[in-house]
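Please look at the sequence and the structure before reading on.

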Amino acid sequence: MRYISTRGQAPALNFEDVLLAGLASDGGLYVPENLPRFTVEEIASWAGLPYHELAFRVMRPFVAGCIADADFKKILEETYGVFAHKAVAPLTQLGANEWVLELFQGPTLAFKDFALQLLGRLLDHVLTRRGERVVIMGATSGDTGSAAIEGCKACENVDIFIMHPHNRVSEVQRRQMTTILGDNIHNIAIEGNFDDCQEMVKASFADQGFLKGTRLVAVNSINWARIMAQIVYYFHAALQLGAPYRSVAFSVPTGNFGDIFAGYLARNMGLPVNQLIVATNRNDILHRFMSGNRYDKDTLHPSLSPSMDIMVSSNFERLLFDLHGRNGAAVAALMDSFKATGRLAVEDDRWTEARRLFDSLAVDDESTCATIAGVHGETGYLLDPHTAIGVKAARECRRSLALPMVVLGTAHPVKFPEAVEKAGIGAAPQLPAHLADLFQREERCSVLPNDLKAVQDFVSRHGNRGKPL
Ligand SMILES: *Cc1c(COP(=O)(O)O)cnc(C)c1O
(Lines give C-alpha, C1' and ligand atoms only; values in the text may rest on other atoms or scores of the structure.)
Protein backbone atom coordinates (compact mmCIF):
# COMPACT_ATOMS: atom_id res chain seq x y z
CA MET A 1 0.00 0.00 0.00
CA ARG A 2 1.23 3.47 -0.88
CA TYR A 3 0.22 6.72 0.79
CA ILE A 4 -0.16 10.10 -0.89
CA SER A 5 -0.43 13.63 0.46
CA THR A 6 -3.71 15.58 0.45
CA ARG A 7 -1.81 18.49 -1.12
CA GLY A 8 -0.42 16.48 -4.00
CA GLN A 9 3.24 17.58 -3.89
CA ALA A 10 5.01 15.36 -1.35
CA PRO A 11 6.48 11.99 -2.40
CA ALA A 12 4.32 8.88 -1.94
CA LEU A 13 5.43 6.74 1.02
CA ASN A 14 4.96 3.14 2.15
CA PHE A 15 3.32 2.24 5.49
CA GLU A 16 6.56 2.15 7.45
CA ASP A 17 7.57 5.65 6.38
CA VAL A 18 4.07 7.02 6.98
CA LEU A 19 4.21 5.58 10.49
CA LEU A 20 7.34 7.62 11.21
CA ALA A 21 6.27 10.73 9.30
CA GLY A 22 4.19 13.58 10.69
CA LEU A 23 2.86 16.08 8.21
CA ALA A 24 3.80 15.50 4.57
CA SER A 25 6.57 17.78 3.29
CA ASP A 26 4.00 19.87 1.36
CA GLY A 27 2.04 20.51 4.57
CA GLY A 28 -0.64 17.93 3.70
CA LEU A 29 -1.75 14.73 5.43
CA TYR A 30 -1.09 11.22 4.18
CA VAL A 31 -3.99 9.05 2.97
CA PRO A 32 -4.01 5.63 1.26
CA GLU A 33 -3.59 5.88 -2.50
CA ASN A 34 -6.33 3.25 -2.98
CA LEU A 35 -8.72 2.27 -0.22
CA PRO A 36 -9.28 -1.48 0.09
CA ARG A 37 -12.90 -2.53 -0.51
CA PHE A 38 -14.40 -5.67 1.00
CA THR A 39 -17.33 -7.64 -0.43
CA VAL A 40 -20.54 -8.36 1.45
CA GLU A 41 -19.58 -12.05 1.66
CA GLU A 42 -16.15 -11.22 3.07
CA ILE A 43 -17.56 -8.91 5.74
CA ALA A 44 -20.29 -11.41 6.61
CA SER A 45 -17.67 -14.12 7.15
CA TRP A 46 -16.07 -12.02 9.93
CA ALA A 47 -19.11 -12.11 12.23
CA GLY A 48 -18.17 -13.35 15.69
CA LEU A 49 -14.40 -13.05 15.30
CA PRO A 50 -12.44 -11.97 18.38
CA TYR A 51 -11.48 -8.29 18.18
CA HIS A 52 -7.81 -8.84 17.33
CA GLU A 53 -8.65 -11.24 14.53
CA LEU A 54 -11.13 -8.84 13.01
CA ALA A 55 -8.49 -6.12 13.36
CA PHE A 56 -6.07 -8.26 11.36
CA ARG A 57 -8.50 -8.68 8.49
CA VAL A 58 -9.55 -5.02 8.35
CA MET A 59 -6.04 -3.53 8.63
CA ARG A 60 -3.98 -6.09 6.74
CA PRO A 61 -4.23 -4.30 3.35
CA PHE A 62 -2.89 -1.07 4.92
CA VAL A 63 0.32 -2.62 6.25
CA ALA A 64 0.83 -5.15 3.45
CA GLY A 65 4.40 -5.20 2.22
CA CYS A 66 5.79 -3.68 5.43
CA ILE A 67 4.69 -5.90 8.33
CA ALA A 68 4.65 -9.69 7.89
CA ASP A 69 1.28 -11.35 8.61
CA ALA A 70 2.58 -13.43 11.50
CA ASP A 71 4.19 -10.39 13.16
CA PHE A 72 1.09 -8.27 12.67
CA LYS A 73 -1.15 -10.96 14.17
CA LYS A 74 1.08 -11.20 17.23
CA ILE A 75 1.20 -7.42 17.66
CA LEU A 76 -2.60 -7.19 17.46
CA GLU A 77 -3.13 -9.99 19.94
CA GLU A 78 -0.86 -8.21 22.43
CA THR A 79 -2.40 -4.80 21.75
CA TYR A 80 -6.00 -5.77 22.39
CA GLY A 81 -5.06 -8.27 25.09
CA VAL A 82 -4.42 -5.37 27.51
CA PHE A 83 -8.05 -4.20 27.43
CA ALA A 84 -10.03 -4.86 30.59
CA HIS A 85 -13.15 -6.26 28.90
CA LYS A 86 -13.05 -9.55 26.98
CA ALA A 87 -15.12 -8.03 24.16
CA VAL A 88 -12.55 -5.16 23.95
CA ALA A 89 -15.25 -2.80 22.60
CA PRO A 90 -18.55 -3.95 24.18
CA LEU A 91 -21.94 -2.58 23.14
CA THR A 92 -24.39 -1.46 25.82
CA GLN A 93 -28.01 -0.88 24.92
CA LEU A 94 -29.42 2.47 26.09
CA GLY A 95 -32.82 2.57 24.41
CA ALA A 96 -34.82 1.21 21.49
CA ASN A 97 -32.27 0.44 18.78
CA GLU A 98 -29.81 2.78 20.54
CA TRP A 99 -26.40 1.64 21.75
CA VAL A 100 -23.19 2.92 23.33
CA LEU A 101 -19.99 1.41 21.96
CA GLU A 102 -17.74 1.39 25.04
CA LEU A 103 -14.32 2.40 23.79
CA PHE A 104 -12.97 3.11 27.27
CA GLN A 105 -11.97 -0.36 28.45
CA GLY A 106 -8.29 0.25 27.68
CA PRO A 107 -5.54 1.20 30.14
CA THR A 108 -6.25 4.96 30.17
CA LEU A 109 -10.05 4.80 29.92
CA ALA A 110 -10.50 6.64 26.61
CA PHE A 111 -10.78 5.51 22.99
CA LYS A 112 -7.30 6.80 22.20
CA ASP A 113 -5.93 3.55 23.65
CA PHE A 114 -7.19 1.66 20.58
CA ALA A 115 -4.79 3.53 18.36
CA LEU A 116 -1.92 4.36 20.69
CA GLN A 117 -1.50 0.86 22.13
CA LEU A 118 -1.07 -0.30 18.55
CA LEU A 119 1.10 2.62 17.46
CA GLY A 120 3.66 2.04 20.22
CA ARG A 121 4.02 -1.62 19.30
CA LEU A 122 4.22 -0.93 15.56
CA LEU A 123 6.89 1.71 16.10
CA ASP A 124 8.99 -0.60 18.23
CA HIS A 125 8.67 -3.41 15.70
CA VAL A 126 9.79 -1.23 12.78
CA LEU A 127 12.56 0.48 14.76
CA THR A 128 14.01 -2.80 16.02
CA ARG A 129 14.25 -4.02 12.46
CA ARG A 130 15.93 -0.80 11.38
CA GLY A 131 18.22 -0.63 14.42
CA GLU A 132 17.01 2.94 15.04
CA ARG A 133 15.87 4.94 18.07
CA VAL A 134 13.43 7.84 18.01
CA VAL A 135 12.20 10.61 20.26
CA ILE A 136 8.49 11.37 20.52
CA MET A 137 7.37 14.82 21.59
CA GLY A 138 3.73 15.58 22.24
CA ALA A 139 1.50 18.16 23.89
CA THR A 140 -1.62 17.15 25.74
CA SER A 141 -4.60 18.69 27.46
CA GLY A 142 -5.24 15.28 29.02
CA ASP A 143 -6.30 12.16 27.13
CA THR A 144 -3.72 11.89 24.36
CA GLY A 145 -0.73 12.16 26.66
CA SER A 146 -1.67 9.33 28.97
CA ALA A 147 -2.67 7.06 26.08
CA ALA A 148 0.62 7.78 24.28
CA ILE A 149 2.69 7.12 27.40
CA GLU A 150 0.85 3.87 28.12
CA GLY A 151 1.30 2.86 24.48
CA CYS A 152 5.06 3.55 24.50
CA LYS A 153 6.08 2.51 27.99
CA ALA A 154 7.34 -0.89 26.87
CA CYS A 155 9.05 0.37 23.71
CA GLU A 156 12.77 -0.39 23.62
CA ASN A 157 13.53 2.16 20.93
CA VAL A 158 11.41 5.14 21.92
CA ASP A 159 11.86 7.97 24.41
CA ILE A 160 8.65 9.88 24.91
CA PHE A 161 8.34 13.47 26.17
CA ILE A 162 4.81 14.63 26.93
CA MET A 163 4.14 18.23 27.91
CA HIS A 164 1.02 19.21 29.78
CA PRO A 165 0.06 22.65 31.16
CA HIS A 166 1.16 22.76 34.83
CA ASN A 167 -1.83 22.61 37.20
CA ARG A 168 -4.29 22.73 34.29
CA VAL A 169 -5.17 19.07 33.77
CA SER A 170 -7.41 17.11 36.11
CA GLU A 171 -5.76 15.10 38.89
CA VAL A 172 -6.87 11.77 37.37
CA GLN A 173 -5.46 12.79 34.01
CA ARG A 174 -2.17 14.00 35.51
CA ARG A 175 -1.70 10.88 37.58
CA GLN A 176 -2.45 8.66 34.61
CA MET A 177 0.66 10.18 33.01
CA THR A 178 3.01 10.82 35.91
CA THR A 179 2.64 7.48 37.67
CA ILE A 180 4.02 5.55 34.71
CA LEU A 181 7.64 5.22 35.68
CA GLY A 182 10.23 4.19 33.15
CA ASP A 183 13.58 5.56 32.07
CA ASN A 184 12.12 6.29 28.61
CA ILE A 185 9.05 8.14 29.97
CA HIS A 186 9.38 11.90 30.50
CA ASN A 187 6.52 14.00 31.80
CA ILE A 188 7.00 17.75 31.59
CA ALA A 189 4.64 20.20 33.26
CA ILE A 190 4.99 23.52 31.45
CA GLU A 191 4.34 26.77 33.30
CA GLY A 192 1.94 27.88 30.57
CA ASN A 193 -1.21 26.76 28.80
CA PHE A 194 -1.94 23.97 26.32
CA ASP A 195 -1.25 26.20 23.31
CA ASP A 196 2.20 27.03 24.70
CA CYS A 197 2.92 23.28 24.91
CA GLN A 198 1.70 22.71 21.37
CA GLU A 199 3.74 25.62 20.01
CA MET A 200 6.90 24.13 21.52
CA VAL A 201 6.21 20.80 19.82
CA LYS A 202 5.68 22.55 16.49
CA ALA A 203 8.85 24.63 16.89
CA SER A 204 10.81 21.48 17.73
CA PHE A 205 9.66 19.78 14.52
CA ALA A 206 10.63 22.88 12.54
CA ASP A 207 14.19 23.02 13.94
CA GLN A 208 15.56 19.67 15.10
CA GLY A 209 19.21 20.59 15.74
CA PHE A 210 18.89 19.88 19.48
CA LEU A 211 18.17 16.20 18.67
CA LYS A 212 21.67 15.59 17.25
CA GLY A 213 20.33 13.48 14.40
CA THR A 214 17.80 11.42 16.35
CA ARG A 215 14.50 11.23 14.49
CA LEU A 216 11.50 13.05 15.98
CA VAL A 217 8.12 11.31 15.68
CA ALA A 218 4.60 12.72 16.17
CA VAL A 219 1.78 10.79 17.78
CA ASN A 220 -0.93 13.42 17.37
CA SER A 221 -4.20 12.61 15.68
CA ILE A 222 -2.95 13.26 12.15
CA ASN A 223 -0.77 10.12 12.32
CA TRP A 224 -2.23 7.73 9.75
CA ALA A 225 -1.77 4.62 11.91
CA ARG A 226 -4.11 6.11 14.52
CA ILE A 227 -6.90 6.59 12.00
CA MET A 228 -6.32 3.09 10.64
CA ALA A 229 -6.72 1.47 14.06
CA GLN A 230 -10.01 3.28 14.63
CA ILE A 231 -11.64 1.84 11.50
CA VAL A 232 -11.80 -1.59 13.12
CA TYR A 233 -14.35 -0.86 15.83
CA TYR A 234 -16.89 0.44 13.33
CA PHE A 235 -16.79 -3.01 11.70
CA HIS A 236 -16.86 -4.70 15.10
CA ALA A 237 -19.98 -2.85 16.26
CA ALA A 238 -21.86 -3.04 12.96
CA LEU A 239 -21.24 -6.78 12.60
CA GLN A 240 -22.85 -7.38 15.96
CA LEU A 241 -25.93 -5.40 14.91
CA GLY A 242 -26.63 -7.18 11.66
CA ALA A 243 -24.16 -5.75 9.13
CA PRO A 244 -23.45 -6.30 6.32
CA TYR A 245 -27.11 -7.22 5.75
CA ARG A 246 -28.40 -4.27 7.73
CA SER A 247 -27.21 -0.65 7.73
CA VAL A 248 -26.05 1.03 10.92
CA ALA A 249 -25.77 4.71 11.95
CA PHE A 250 -23.03 6.18 14.18
CA SER A 251 -22.93 9.31 16.32
CA VAL A 252 -19.38 10.41 17.09
CA PRO A 253 -18.21 12.97 19.68
CA THR A 254 -15.79 14.91 17.52
CA GLY A 255 -12.89 17.33 17.91
CA ASN A 256 -10.13 16.85 15.38
CA PHE A 257 -12.30 14.76 13.02
CA GLY A 258 -10.02 11.72 13.45
CA ASP A 259 -12.41 9.23 14.97
CA ILE A 260 -15.32 10.05 12.68
CA PHE A 261 -13.07 10.05 9.63
CA ALA A 262 -12.29 6.42 10.46
CA GLY A 263 -16.05 5.73 10.29
CA TYR A 264 -16.20 7.40 6.91
CA LEU A 265 -13.38 5.15 5.70
CA ALA A 266 -15.12 2.05 7.08
CA ARG A 267 -18.12 2.95 4.95
CA ASN A 268 -15.98 3.45 1.86
CA MET A 269 -14.42 0.04 2.50
CA GLY A 270 -17.82 -1.62 2.16
CA LEU A 271 -19.46 -1.37 5.59
CA PRO A 272 -23.12 -0.30 5.23
CA VAL A 273 -23.16 2.95 7.24
CA ASN A 274 -26.21 5.05 6.41
CA GLN A 275 -25.46 8.07 8.59
CA LEU A 276 -22.54 9.62 10.47
CA ILE A 277 -23.35 12.29 13.04
CA VAL A 278 -20.71 14.89 13.92
CA ALA A 279 -21.37 15.70 17.59
CA THR A 280 -19.45 18.75 18.87
CA ASN A 281 -19.45 20.89 21.98
CA ARG A 282 -19.49 24.71 21.80
CA ASN A 283 -16.32 24.52 19.74
CA ASP A 284 -18.47 23.86 16.72
CA ILE A 285 -16.47 24.62 13.57
CA LEU A 286 -17.42 21.22 12.13
CA HIS A 287 -21.09 21.72 12.94
CA ARG A 288 -20.95 25.09 11.20
CA PHE A 289 -19.55 23.39 8.11
CA MET A 290 -22.01 20.51 8.08
CA SER A 291 -25.05 22.67 8.79
CA GLY A 292 -24.21 25.71 6.67
CA ASN A 293 -21.00 25.17 4.63
CA ARG A 294 -19.08 27.62 6.83
CA TYR A 295 -15.79 26.28 8.15
CA ASP A 296 -14.80 29.47 9.96
CA LYS A 297 -12.24 29.69 12.72
CA ASP A 298 -13.52 30.98 16.06
CA THR A 299 -11.89 31.55 19.46
CA LEU A 300 -11.49 28.66 21.92
CA HIS A 301 -14.33 28.07 24.39
CA PRO A 302 -13.27 25.91 27.37
CA SER A 303 -15.99 23.33 28.06
CA LEU A 304 -16.90 20.39 30.28
CA SER A 305 -15.78 18.10 27.43
CA PRO A 306 -12.19 19.34 27.14
CA SER A 307 -10.98 16.63 24.76
CA MET A 308 -13.13 18.24 22.07
CA ASP A 309 -12.04 21.84 22.74
CA ILE A 310 -10.47 22.75 19.40
CA MET A 311 -10.49 25.75 17.08
CA VAL A 312 -9.74 23.88 13.84
CA SER A 313 -10.06 20.15 13.10
CA SER A 314 -6.75 18.83 11.88
CA ASN A 315 -8.13 15.78 10.03
CA PHE A 316 -10.87 17.65 8.18
CA GLU A 317 -8.45 18.18 5.30
CA ARG A 318 -8.64 14.44 4.61
CA LEU A 319 -12.39 14.74 3.92
CA LEU A 320 -11.85 17.86 1.81
CA PHE A 321 -9.43 15.85 -0.33
CA ASP A 322 -12.13 13.31 -1.20
CA LEU A 323 -14.82 15.98 -1.66
CA HIS A 324 -12.54 17.56 -4.27
CA GLY A 325 -12.07 14.38 -6.27
CA ARG A 326 -8.65 13.84 -4.61
CA ASN A 327 -7.27 16.91 -6.32
CA GLY A 328 -4.24 17.91 -4.22
CA ALA A 329 -3.80 21.28 -5.92
CA ALA A 330 -7.40 22.25 -5.13
CA VAL A 331 -6.94 21.26 -1.46
CA ALA A 332 -3.65 23.15 -1.22
CA ALA A 333 -5.35 26.29 -2.59
CA LEU A 334 -8.26 25.94 -0.15
CA MET A 335 -5.97 25.43 2.84
CA ASP A 336 -3.76 28.37 1.83
CA SER A 337 -6.76 30.61 1.69
CA PHE A 338 -8.05 29.23 5.01
CA LYS A 339 -4.69 30.01 6.58
CA ALA A 340 -4.88 33.59 5.30
CA THR A 341 -8.54 34.33 6.10
CA GLY A 342 -9.62 31.79 8.75
CA ARG A 343 -12.63 30.95 6.56
CA LEU A 344 -13.46 28.16 4.16
CA ALA A 345 -16.49 27.07 2.12
CA VAL A 346 -16.76 24.50 -0.67
CA GLU A 347 -18.84 24.51 -3.85
CA ASP A 348 -22.52 23.66 -3.33
CA ASP A 349 -22.46 20.25 -4.98
CA ARG A 350 -19.47 19.16 -2.88
CA TRP A 351 -21.19 20.27 0.30
CA THR A 352 -24.39 18.45 -0.74
CA GLU A 353 -22.31 15.34 -1.30
CA ALA A 354 -20.96 15.54 2.27
CA ARG A 355 -24.47 16.06 3.62
CA ARG A 356 -25.68 12.80 2.06
CA LEU A 357 -23.77 10.98 4.80
CA PHE A 358 -23.06 13.49 7.57
CA ASP A 359 -25.38 15.30 9.96
CA SER A 360 -24.26 17.38 12.92
CA LEU A 361 -25.19 19.04 16.19
CA ALA A 362 -23.38 21.36 18.63
CA VAL A 363 -24.23 20.68 22.29
CA ASP A 364 -23.49 23.19 25.07
CA ASP A 365 -22.46 22.35 28.65
CA GLU A 366 -25.94 22.76 30.05
CA SER A 367 -27.44 20.34 27.55
CA THR A 368 -24.51 17.94 28.12
CA CYS A 369 -25.26 17.80 31.85
CA ALA A 370 -29.00 17.44 31.18
CA THR A 371 -28.26 14.44 28.96
CA ILE A 372 -26.02 12.82 31.59
CA ALA A 373 -28.78 13.30 34.17
CA GLY A 374 -31.55 12.20 31.81
CA VAL A 375 -29.87 8.97 30.72
CA HIS A 376 -28.86 8.18 34.29
CA GLY A 377 -32.46 8.67 35.38
CA GLU A 378 -33.83 6.48 32.59
CA THR A 379 -31.35 3.63 32.76
CA GLY A 380 -28.91 4.05 35.66
CA TYR A 381 -26.08 4.26 33.10
CA LEU A 382 -23.49 6.98 33.67
CA LEU A 383 -22.18 8.79 30.57
CA ASP A 384 -19.01 10.84 30.39
CA PRO A 385 -19.58 14.37 28.98
CA HIS A 386 -18.12 13.56 25.53
CA THR A 387 -20.30 10.50 25.10
CA ALA A 388 -23.31 12.46 26.39
CA ILE A 389 -22.82 14.91 23.51
CA GLY A 390 -22.89 11.94 21.15
CA VAL A 391 -26.14 10.67 22.68
CA LYS A 392 -27.80 14.07 22.49
CA ALA A 393 -26.79 14.49 18.83
CA ALA A 394 -27.94 10.95 18.00
CA ARG A 395 -31.39 11.67 19.41
CA GLU A 396 -31.72 15.00 17.58
CA CYS A 397 -30.31 14.01 14.20
CA ARG A 398 -31.35 10.40 13.75
CA ARG A 399 -32.72 9.67 10.26
CA SER A 400 -34.22 6.21 10.80
CA LEU A 401 -35.64 4.66 13.94
CA ALA A 402 -35.58 1.27 12.23
CA LEU A 403 -31.79 1.15 11.99
CA PRO A 404 -29.45 0.68 14.94
CA MET A 405 -27.86 3.91 16.20
CA VAL A 406 -24.43 3.46 17.79
CA VAL A 407 -22.97 6.27 19.90
CA LEU A 408 -19.23 6.07 20.34
CA GLY A 409 -18.50 6.01 24.07
CA THR A 410 -15.18 7.82 23.97
CA ALA A 411 -14.28 8.02 27.67
CA HIS A 412 -15.07 6.60 31.09
CA PRO A 413 -17.01 9.06 33.29
CA VAL A 414 -14.40 8.85 36.07
CA LYS A 415 -12.04 10.91 33.90
CA PHE A 416 -14.39 13.90 33.93
CA PRO A 417 -15.91 14.14 37.41
CA GLU A 418 -16.72 17.86 37.07
CA ALA A 419 -19.42 17.25 34.44
CA VAL A 420 -20.88 14.34 36.37
CA GLU A 421 -21.01 16.50 39.50
CA LYS A 422 -22.69 19.35 37.63
CA ALA A 423 -25.27 16.89 36.28
CA GLY A 424 -26.35 16.51 39.92
CA ILE A 425 -26.49 12.74 40.06
CA GLY A 426 -24.98 12.38 43.50
CA ALA A 427 -22.93 9.21 43.19
CA ALA A 428 -19.38 9.95 42.02
CA PRO A 429 -18.00 7.56 39.40
CA GLN A 430 -15.48 5.03 40.73
CA LEU A 431 -12.08 4.15 39.28
CA PRO A 432 -12.05 0.67 37.72
CA ALA A 433 -10.06 -2.08 39.45
CA HIS A 434 -6.81 -1.69 37.50
CA LEU A 435 -6.58 1.98 38.54
CA ALA A 436 -8.03 1.67 42.04
CA ASP A 437 -4.73 2.67 43.70
CA LEU A 438 -4.00 5.56 41.29
CA PHE A 439 -4.03 8.14 44.09
CA GLN A 440 -1.43 6.21 46.10
CA ARG A 441 1.05 5.69 43.27
CA GLU A 442 4.40 7.51 43.05
CA GLU A 443 4.47 10.37 40.54
CA ARG A 444 7.39 11.55 38.42
CA CYS A 445 7.28 14.83 36.52
CA SER A 446 9.58 17.79 35.77
CA VAL A 447 8.21 21.31 35.94
CA LEU A 448 9.81 23.58 33.33
CA PRO A 449 9.31 27.24 32.45
CA ASN A 450 7.42 28.17 29.29
CA ASP A 451 10.68 28.40 27.37
CA LEU A 452 11.60 26.50 24.21
CA LYS A 453 15.32 26.38 24.94
CA ALA A 454 14.75 24.93 28.42
CA VAL A 455 12.52 22.20 26.99
CA GLN A 456 14.88 21.32 24.15
CA ASP A 457 17.84 21.17 26.55
CA PHE A 458 15.84 18.83 28.74
CA VAL A 459 15.06 16.56 25.79
CA SER A 460 18.67 16.42 24.62
CA ARG A 461 19.91 15.68 28.15
CA HIS A 462 17.42 12.81 28.69
CA GLY A 463 16.49 11.52 25.23
CA ASN A 464 18.40 8.24 25.35
CA ARG A 465 16.64 6.33 28.13
CA GLY A 466 17.29 9.18 30.53
CA LYS A 467 20.85 9.79 29.30
CA PRO A 468 22.06 12.48 26.86
CA LEU A 469 21.46 12.07 23.14
C1 LIG B 1 -9.83 12.83 21.64
C2 LIG B 1 -11.21 12.68 22.15
C3 LIG B 1 -12.34 13.01 21.37
C4 LIG B 1 -12.23 13.63 19.99
O5 LIG B 1 -11.71 12.75 19.03
P6 LIG B 1 -11.28 13.30 17.59
O7 LIG B 1 -10.64 12.15 16.89
O8 LIG B 1 -10.31 14.42 17.86
O9 LIG B 1 -12.51 13.78 16.91
C10 LIG B 1 -13.60 12.78 21.92
N11 LIG B 1 -13.74 12.28 23.16
C12 LIG B 1 -12.69 11.97 23.95
C13 LIG B 1 -12.94 11.44 25.31
C14 LIG B 1 -11.38 12.15 23.48
O15 LIG B 1 -10.34 11.83 24.26
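## Charged pairs in a predicted fold

Lys 415 is a buried residue, with a relative accessibility of 1%. The model in which this value was computed is a predicted one. Residues count as buried when their relative accessible area is under 20%, and Asp 143, at 6% relative accessibility, is therefore buried as well.

Which interaction links Lys 415 and Asp 143? Their side chains meet in a salt bridge, with an N to O distance of 3.0 Å. Lys 415 belongs to the loop between strand 15 (405-409) and helix 17 (417-422), whereas Asp 143 belongs to helix 6 (residues 143-152), so this pair ties together parts that lie 272 residues apart in sequence. In general terms, side chains of opposite charge can pair when their charged atoms come close.

### Further salt bridges

Another salt bridge joins Arg 395 and Glu 378, whose closest N and O atoms are 3.5 Å apart. Arg 395 is located in helix 16 (residues 385-397) and Glu 378 in helix 15 (residues 365-379), so the pair connects parts 17 residues apart in sequence. Arg 395 is partly exposed, its relative accessible area being 38%. Glu 378 counts as exposed, at 52% relative accessibility.

A salt bridge also forms between Glu 418 and Lys 422, where the closest N and O atoms are 2.9 Å apart. Both residues lie in helix 17, and the four residues of separation correspond to about one turn of the helix. Glu 418 is partly exposed, with a relative accessible area of 46%, and Lys 422 is exposed, at 54% relative accessibility. Elsewhere, salt bridges that share partners unite Glu 16, Asp 17, Arg 129, Arg 130, Glu 132 and Arg 215 in one network.

| Salt bridge | Distance between N and O atoms |
|---|---|
| Lys 415 and Asp 143 | 3.0 Å |
| Arg 395 and Glu 378 | 3.5 Å |
| Glu 418 and Lys 422 | 2.9 Å |

The count of salt bridges comes to 34.

Asp 259 is placed in helix 10 (residues 258-268). Beyond its neighbours within four places in sequence, Asp 259 is in contact with Phe 111, Gln 230, Tyr 233, Tyr 234, Val 252, Leu 408 and Thr 410.

### The fold as a whole

The protein contains 18 helices and 16 strands. Its radius of gyration is 21 Å, close to the 23 Å given by the globule rule for 469 residues, so the protein is as compact as a globular protein of that length. The C-alpha atoms fill a box of roughly 60 × 55 × 50 Å along the principal axes.

Of the 469 residues, 59% are buried. Among contacts between residues at least 6 apart in sequence, 76% join residues at least 24 apart. The accessible surface comes to about 18000 Å², and carbon and sulfur atoms account for 49% of that surface.

Conventions: Residues numbered from 1 in each chain as written. Predicted model: local features only at pLDDT ≥ 70, side-chain atom pairs only at ≥ 80, totals over all residues. Heavy atoms only, no water. Helix = DSSP H or I, 4+ residues; strand = E, 2+ residues; numbered from the N terminus. Rg over C-alpha atoms; globule rule 2.2 N^0.38 Å. Buried < 20%, exposed > 50% of the residue type's maximum accessible area, 1.4 Å probe, protein only. Contact = heavy atoms within 4.5 Å. Areas by Shrake-Rupley, 256 points an atom, 1.4 Å probe, with all protein chains shown as cover. Salt bridge = Lys/Arg side-chain N within 4 Å of Asp/Glu carboxyl O.
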